[in-house]
Amino acid sequence: MFSEFALHERLLKAVAELKFVEPTPVQAAAIPLALQGRDLRVTAQTGSGKTAAFVLPILNRLIGPAKIRVSIKTLILLPTRELAQQTLKEVERFAQFTFIKSGLITGGEDFKVQAAMLRKVPDILIGTPGRMIEQLNAGNLDLKEVEVLVLDEADRMLDMGFAEDVQRLVDECTNRQQTMLFSATTGGSGLREMVAKVLNNPEHLQLNAVSQLNETTRQQIITADHNQHKEQIVNWLLANETYQKAIVFTNTRAMADRIYGRLVAQEYKAFVLHGEKDQKDRKLAIDRLKQGGVKILVATDVAARGLDVDGLDLVINFDMPRSGDEYVHRIGRTGRAGNDGLAISLICHGDWNLMSSIERYLKQSFERRTIKEVKGTYGGPKKVKASGKAVGVKKKKTDAKGDKKKVAAKTPTKRKSANRPKAEAPSLVSKDGMAPLKRRKPEAPAAE
Ligand code: AMP
């Protein structure tokens, strides 16, 4: 029960208004510590209820009578505009019975309007690092009195190349008393470095051992012969599965556009979301999806980041994501806050090893599914190794566009791993079992 937390009655009233009954595990673990002012490092996926886990303690700290605001007291940094917008909404919903004001600073919005908002000094400032830095450079932003700093989806901010911007903003918060860092994954060395630099004796709450992810989401694979066959399977699924809203993930914009075009041609109410779409298109897509006018979204990973859409209960991986972490992020779109979801990955010959790596990373075995009406010839490798990988499948290399290329016949002899003893073939799972199996090159934010 939320009433067990030492939260102000006005916040408990808002919680009740929102019909939150039981705190989610991340809320149960983080709220008491955050209320004590502890620095936190929380590993929890999107959809776990982590926003409320940091927003409620922040509001509790700020709550008080109406007064003239002279400084920004809380800074919340997130990787994408949508996530920032959603967080603002969440803050406003919880703050509805208080005098606390919040403001949003993201790219794609009017710079001067933002500067005017900053002159009014919000208590809580939410936004993305790039535009924050621009406002800082323009002399519009003073973070010296920030007491609480939140880095949400920190792993993703690093993936998107925001490390320097984030560090600069952190350094601006010279008087901060509490820092909370959230990430969906345990991240790599970049995240560890940031944790060491930014957090002061943090409590590490690890809410999503990846193996326990998405208990409410069934995860299936369907084998396919080639991309055209995958398209047939997508058509079948969208026509025959029971779902409220679906998202089809591709690794490239070109494929997203292609699938979108096919769906529209079949008169599906669909939308496509990728990096070439501007902010207006993105807003429109998300609003339509939320309102239910659009049932199907075709998206690339970065574009879909931070989506929180009720009723999104079917995820189709047209292309297998390039890493276990990305898979976790994608699947985090469905089965949110306890609702049932279904995630289906379409697997060609060239996708098999990646799929089995992700299974090992998650310590899960995806359900194999065959659909009679669209069954192809490929049904998985004839022989698999103990690792689950196909025996004798030539390695394929993925270029920046996601196109598969044959690896050159000669493999370079001087590789870092060459010194490793044979028995220690590079493991996909790190010693703590949580590291990404294969990090793809960070996608530049501008590219998406
Ligand atoms: P988040 O992980 O913060 O993006 O939250 C995912 C969704 O779960 C949001 O729509 C929240 O409003 C909702 N949510 C968060 N906490 C609870 C709760 N305790 N009970 C019901 N819904 C919740």
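Student: What does it take for a charge to sit over a ring?
Tutor: A charge sits over a ring if NZ of Lys or CZ of Arg is within 6 Å of the ring centre and within 35 degrees of the ring normal. In this predicted model, local features need pLDDT of at least 70 and side-chain atom pairs count only at pLDDT 80 or more, while totals for chains, interfaces and linings use all residues. Residues are numbered from 1 along each chain as its sequence is written, and side-chain values use heavy atoms, with hydrogens and water left out.

Student: OK, which ring does Lys13 lie over?
Tutor: Lys13 lies over the face of Phe97, 4.2 Å from the ring centre, and the charged end of Lys230 sits over the ring of Phe318, at 5.5 Å from its centre.

Student: New topic: how many aromatic pairs are there?
Tutor: Rings of Phe, Tyr and Trp (its six-membered ring) pair if their centres lie within 6.5 Å, with planes under 30 degrees apart counted as stacked, over 60 as edge-to-face and the rest as tilted, and by this rule there are five aromatic pairs. One of them joins Phe20 and Phe94 edge-to-face, at 5.8 Å centre to centre and 75° between the planes.

Student: Which cluster are they in?
Tutor: Ring pairs link Phe20 and Phe94 with Phe2 and Phe5 into a cluster.
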